[in-house]
Amino acid sequence: FDHKSFSTGSSSPRSWRILPHRQNPSSMIRLYGHYASQPCWSVCWLLQIHHVDYEFIKIDPSAPHAAKPVEFRSKFPLGLIPAMIDKTKYEDNDDDEFCIAEASAIMIYLCTKYGWDDWYP
């Protein structure tokens, strides 16, 4: 990674971070990812552009699989990020949740679910 190509013109590199969002642990969407992952950024930006509340859970891709959260390990055994769990309730069933990984698949799912035709991947 060459941080000089992302410089602001001064000697210090530009600080790259995902836009701040409302961190809501009770939100229906949980997004697992890492701030250094461009595919994770894409999903975060799509959610933020459309003002969808979500919880971002940081996953260290270099950490051993056993060190990752239990829910993440059980739902995504390959450990790939980004990964998303949508816990939207359907017909008063508390057990409904949809698990999906890979940024393009997540964005297609979100665009289809919410009817977003302006940012379809």
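**Entry 1: the whole chain.** I started with burial: of the 121 residues in the protein chain, 34% are buried. I am working from a predicted model, so I keep that in mind throughout. I then went through the secondary structure and found 3 helices and 4 strands. Along the sequence they follow the pattern β-α-β-α-β-β-α. I also looked at contacts with a separation of 6 or more, and 53% of them join residues 24 or more positions apart.

Entry 2: Which way do S1 and S2 pair? I found S1 (residues 29–33) and S2 (residues 55–58) paired in the parallel sense, over 4 bridges.

**Entry 3: helix H1.** I checked the span of H1 next. Its 12 residues reach 16 Å from the first C-alpha to the last, close to the 16 Å expected at 1.5 Å a residue. After H1 comes His 51, and I noted its positive phi, near 55 degrees. The buried residues in H1 are Cys 40, Trp 41, Ser 42, Val 43, Cys 44, Leu 46, Leu 47 and Gln 48. I wanted to know what covers them, and the cover includes S1, S2 and helix H3 (103–114).

**Entry 4: Ser 42.** A serine on that list made me stop. Why does Ser 42 count as buried? Its relative accessibility is 16%, and the cut-off for buried is under 20%, so Ser 42 falls within the buried class. I also found a partner for the Ser 42 side chain: it makes a polar contact with the side chain of Gln 38, at 2.7 Å.

**Entry 5: the cores.** I turned to the nonpolar packing. The largest nonpolar core has 18 residues, and Leu 31, Val 43, Leu 47, Met 84 and Leu 110 have the most contacts inside it. S1, H1 and H3 are the elements that give two or more residues to this core. H3 provides the largest share, 6 residues. Apart from this core lies another, of 7 residues, among them Ile 57, Ile 59, Phe 72 and Phe 76.

**Entry 6: Leu 110.** Which residues does Leu 110 touch, leaving out those up to four places away in sequence? I listed Ile 29, Val 43, Leu 46, Leu 47, Met 84, Gly 115 and Trp 116.

Definitions and conventions:
Residues are numbered from 1 along each chain as its sequence is written. This is a predicted model: local features need pLDDT of at least 70, side-chain atom pairs count only at pLDDT 80 or more; totals for chains, interfaces and linings use all residues. Side-chain values use heavy atoms; hydrogens and water are left out. Two strands pair if DSSP finds at least two bridges between them. Buried means under 20% relative accessible area, exposed over 50%, partly exposed in between (1.4 Å probe, protein chains only). A polar contact is a pair of N or O atoms within 3.5 Å; within protein, one must be able to donate a hydrogen and the other to accept it, and residues adjacent in sequence count only if both atoms are side-chain atoms. The expected span of a helix is 1.5 Å times one less than its number of residues. Contact means heavy atoms within 4.5 Å. A nonpolar core is a set of buried Ala, Val, Leu, Ile, Met, Phe, Trp, Tyr and Cys residues joined through side-chain atoms within 4.5 Å.
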